[in-house]
Amino acid sequence: MKPDETLDRTLAALADATRRGILARLALGEATVSELAEPFAISQPAISRHIRVLSEAGLIVQRVAGTKRPCRLAPGALSELDEYLEMLRGALTHNYRRLDQLLAKQAKGKDKSP
């Protein structure tokens, strides 16, 4: 899969509040599908669909433990998103520095006016 496609899947998965809630719960540690479904007023099949989307986006992994399928956050799952956001932060920082320089130059020009 191309990097852009991976980022697109990650962003699409994170666009849903239920999926973000699932990820927040998994940040606390591994959980079964039933445990993940508890706080939500939706069916277990709906939770399973959300888990599938998160899994396909590479954000979570599941393992088989008897009849249960515990989920956990995937190691490095958000690294590509983090790199993308860091690139945006860098661009914003650069733009703010340029703006600060421009404003400082304008302020000096006003101080010299009679």
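In what follows, Lys and Arg count as positive and Asp and Glu as negative, while His and the chain ends are not counted; the place of a charge is taken as NZ of Lys, CZ of Arg, CG of Asp or CD of Glu. On that basis the protein chain has 18 positive and 14 negative side chains, and the centres of the two sets lie 3 Å apart. The model is a predicted one, in which local features need pLDDT of at least 70 and side-chain atom pairs count only at pLDDT 80 or more, whereas totals for chains, interfaces and linings use all residues. Residues are numbered from 1 along each chain as its sequence is written, and side-chain values use heavy atoms, with hydrogens and water left out.

The secondary structure, with helices (H or I, at least four residues) and strands (E, at least two) taken as DSSP runs numbered from the N terminus, comes to 5 helices and 2 strands. Read from the N terminus, the order of these elements is α-α-α-α-β-β-α. The radius of gyration of the protein chain, taken over C-alpha atoms, is 22 Å, well over the 13 Å that the globule rule (2.2 Å times the number of residues to the power 0.38) gives for 114 residues, so the chain is more spread out than a compact globule. Along its principal axes, the C-alpha trace spans about 80 × 30 × 20 Å.

If buried means under 20% relative accessible area, exposed over 50%, and partly exposed in between (1.4 Å probe, protein chains only), then 23% of the 114 residues count as buried. With contact meaning heavy atoms within 4.5 Å, residues 24 or more positions apart account for 51% of the contacts that have a separation of 6 or more.

Which residues touch the most other members of the largest nonpolar core? A nonpolar core is here a set of buried Ala, Val, Leu, Ile, Met, Phe, Trp, Tyr and Cys residues joined through side-chain atoms within 4.5 Å, and among the 18 residues of the largest one, those residues are I22, L26, L36, I51, L54, L59 and I60. Helices α1 (3–14), α2 (17–26), α3 and α4 (44–56) each supply at least two residues of this core. In soluble globular proteins, nonpolar side chains tend to be buried together. Beyond its neighbours within four places in sequence, L26 is in contact with A31, L36, I60, C71, R72 and L73.

In helix α3 (residues 33–37) lies V33, which counts as buried because its relative accessibility is 13%; apart from neighbours within four places in sequence, V33 is in contact with Q44, I47, S48, I51, Q62 and R69. The C-alpha atoms of V33 and A13, 20 residues apart along the chain, are separated by 17 Å. For F40 and G21, 19 residues apart in sequence, the C-alpha to C-alpha distance is 9.0 Å.

F40 is found in the loop between α3 and α4 and is partly exposed, with a relative accessible area of 23%. Not counting residues up to four places away in sequence, F40 touches T18, G21, I22 and I47. T18, whose place is in helix α2, is buried with a relative accessible area of 17%, and its contacts, with neighbours within four places left aside, are F40, I42, I47 and H50.

Helix α1 holds T10, which counts as buried at 3% relative accessibility and touches A57, L59, L78 and L81, not counting residues up to four places away in sequence. E80, in helix α5 (residues 79–111), is partly exposed, with a relative accessible area of 24%. Although E80 and T6 are 74 residues apart in sequence, their C-alpha atoms are 8.1 Å apart in space.
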